[in-house]
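Please examine the sequence and the structure shown below. The paragraphs that follow lead through the arrangement of the chain and then to its metal site.

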Amino acid sequence: MIKSLSYVGISSPAASEWRRFAPEILGLQDVSDPSEEVTRLRMDDAPWRIAVHVGKTNALEYVGWDVGDHDGFEAVASALVDSGVDLHAADAALADERGVSALGWFRDPAGFRHEISFARRQADTPFESPHAVKFVTGDNGLGHLVFMVPDMQAVSDFFLKVLGFRHSDDVEAGARIRFMHCNPRHHTLALAQVPGHRGMHHMMLEADSLDTVGRAYDRALAANEPMAMSLGRHANDLMTSFYVRTPSGFEIEFGSGGRLMDMQAGEPVGQYSETSIWGHRPPEEPLVPGMLEPISSA
Ligand SMILES: [Fe+2]
């Protein structure tokens with residue numbers, strides 16, 4: 001089944017601004033082809049992990065999942081078919097663009113496009129962060145995503161019951177947020193309900209030390225980047241992080257020290273009544289989520 005979050009593609013009118021923001025603030029490596037409009041960003045041995053395509057609005061375009069091997073691909077494919085979801089085969093040109101040999105895609109109940117693949121090729125050259133950031137990726141994937149969806153139960157059922165994700169916990173602090181894992185990383189996907197809309201609230205990138213997080217925080221403050229939440233530590237996944245607004249209206253959570261789940265034990269589903277142990281304070285004028293798109297209700 002699904003092993004880890006492999007890559008993410010978004011579209012944005014501000015795609016080119018990422019070529020400054022991502023290296024300068026986050027320490028990602030810009031590996032964009034100057035002759036192409038798409039901005040591609042590296043954080044490890046993968047050829048790229050984040051692609052920002054030029055688009056009229058800010059939108060999440062695709063989420064790439066690693067299914068481990070051919071058997072994993074078949075397992076996801078049959079789970080989708082059994083639940084009545086169409087799995088489409090992508091052509092060879094698209095698979096090559098994503099850096100994989102076989103690629104399938106489908107849509108979740110909120111309409112987001114997901115892609116499955118395995119054996120993604122590695123880059124020819126070592127990853128070089130302009131700020132010497134070491135990202136925590138590997139078998140636990142590139143980080144985590146938090147979606148805003150019109151019907152949390154439907155999307156949650158899809159990931160837990162069809163795609164085999166495990167329920168980590170819920171945080172009920174005003175609104176409910178549901179956290180799910182597909183490997184030991186505490187969550188790779190979380191869901192918040194926003195009626196009539198869908199979007200990505202944030203993407204989390206994990207660095208290997210608190211000092212690396214602190215230095216990125218300093219860079220974001222010095223560059224006057226809009227800060228969605230100050231440095232703080234989450235109650236459930238224990239991540240120490242800050243949230244900076246990207247040029248595309250969603251947030252990057254930049255953190256370290258995230259908790260790992262025991263995949264063998266079948267840990268009980270936790271319940272939390274607060275999001276953070278300390279910090280994570282919004283600015284005086286909280287930022288309005290900028291990547292929300294209205295969708296017609298089914
Ligand atoms: Fe997060």
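Helix α1 (residues 18-26) lies across β1 (4-12), β2, β3 (39-42) and β4 (50-54), and runs at about 10° to β3. Helices (H or I, at least four residues) and strands (E, at least two) are DSSP runs, numbered from the N terminus. Axes are lines fitted to C-alpha atoms, for helices over the stretch in contact, and angles run from 0 to 180 degrees between N-to-C directions; contact means heavy atoms within 4.5 Å. The model is predicted: local features need pLDDT of at least 70, side-chain atom pairs count only at pLDDT 80 or more, and totals for chains, interfaces and linings use all residues. Residues are numbered from 1 along each chain as its sequence is written, and side-chain values use heavy atoms, with hydrogens and water left out.

The buried residues of α1 are Trp 18, Phe 21, Ala 22, Pro 23, Ile 25 and Leu 26. Here buried means under 20% relative accessible area, exposed over 50%, and partly exposed in between (1.4 Å probe, protein chains only). An α-helix has 3.6 residues a turn, so residues three or four places apart point the same way. After α1 comes Gly 27, with a positive phi near 80°.

The chain also forms an open sheet of eight strands, in the order β2-β3-β4-β1-β5-β8-β7-β6 and with mixed pairing. At its edges stand β2 (29-30) and β6 (88-89), each with a single partner strand, so one side of each has no neighbour in the sheet. Two strands are taken to pair if DSSP finds at least two bridges between them. By this criterion, strand β7 (residues 104-107) and strand β8 (residues 113-117) pair in the antiparallel sense over four bridges, with Gly 104 opposite Ile 116 in β8.

The domain assignment of the protein chain gives domain 1 (4-117) and domain 2 (138-293); such bounds come from an automatic or database domain assignment. The contact between the two takes 38 residues from domain 1 and 44 residues from domain 2. Their C-alpha centres lie 19 Å apart.

What does the interior contain? In the largest nonpolar core, which has 62 residues, Leu 163, Met 203 and Leu 205 touch the most other members. This core draws at least three residues from each of domain 1 and domain 2. A nonpolar core is a set of buried Ala, Val, Leu, Ile, Met, Phe, Trp, Tyr and Cys residues joined through side-chain atoms within 4.5 Å. Leaving aside its neighbours within four places in sequence, Leu 163 is in contact with Met 1, Ile 2, Val 76, Leu 80, Phe 106 and Phe 158. Ala 77, in helix α2 (residues 70-82), counts as buried at 13% relative accessibility. Ala 77 and Leu 163 are 86 residues apart in sequence and 9.6 Å apart in space, C-alpha to C-alpha.

Strand β13 has several partners. Strand β9 (residues 144-149) pairs with β13 in the antiparallel sense over five bridges, and Leu 145 stands opposite Met 203 in β13. β13 and β16 pair in the parallel sense, also over five bridges; Glu 206 stands opposite Gly 255 in β16. Two bridges join β13 to strand β19 (residues 293-294), and these strands run antiparallel, with His 197 opposite Pro 294 in β19. Eight of the ten residues of β13 are buried, so this strand is largely enclosed by the rest of the structure.

Which residues hold the iron ion? The iron ion is coordinated by His 144 (NE2), His 202 (NE2) and Glu 253 (OE), at 2.0 to 2.2 Å. His 202 lies in strand β13 (residues 197-206) and Glu 253 in strand β16 (residues 251-256), so the pair ties together parts that are 51 residues apart in sequence. Donors are N, O and S atoms within 2.8 Å of the metal (3.2 Å for Na, K and Ca); water is not among the atoms, so sites may look incomplete. His 202 is buried, with a relative accessible area of 6%, and Glu 253 is buried at 1%.

Two loop residues complete the account. Ala 119, in the loop between β8 and β9, has a positive phi of about 55° although it is not a glycine. Ala 119 is exposed, with a relative accessible area of 53%. Asn 224, in the loop between α5 (210-222) and β14 (227-234), is exposed at 68%.
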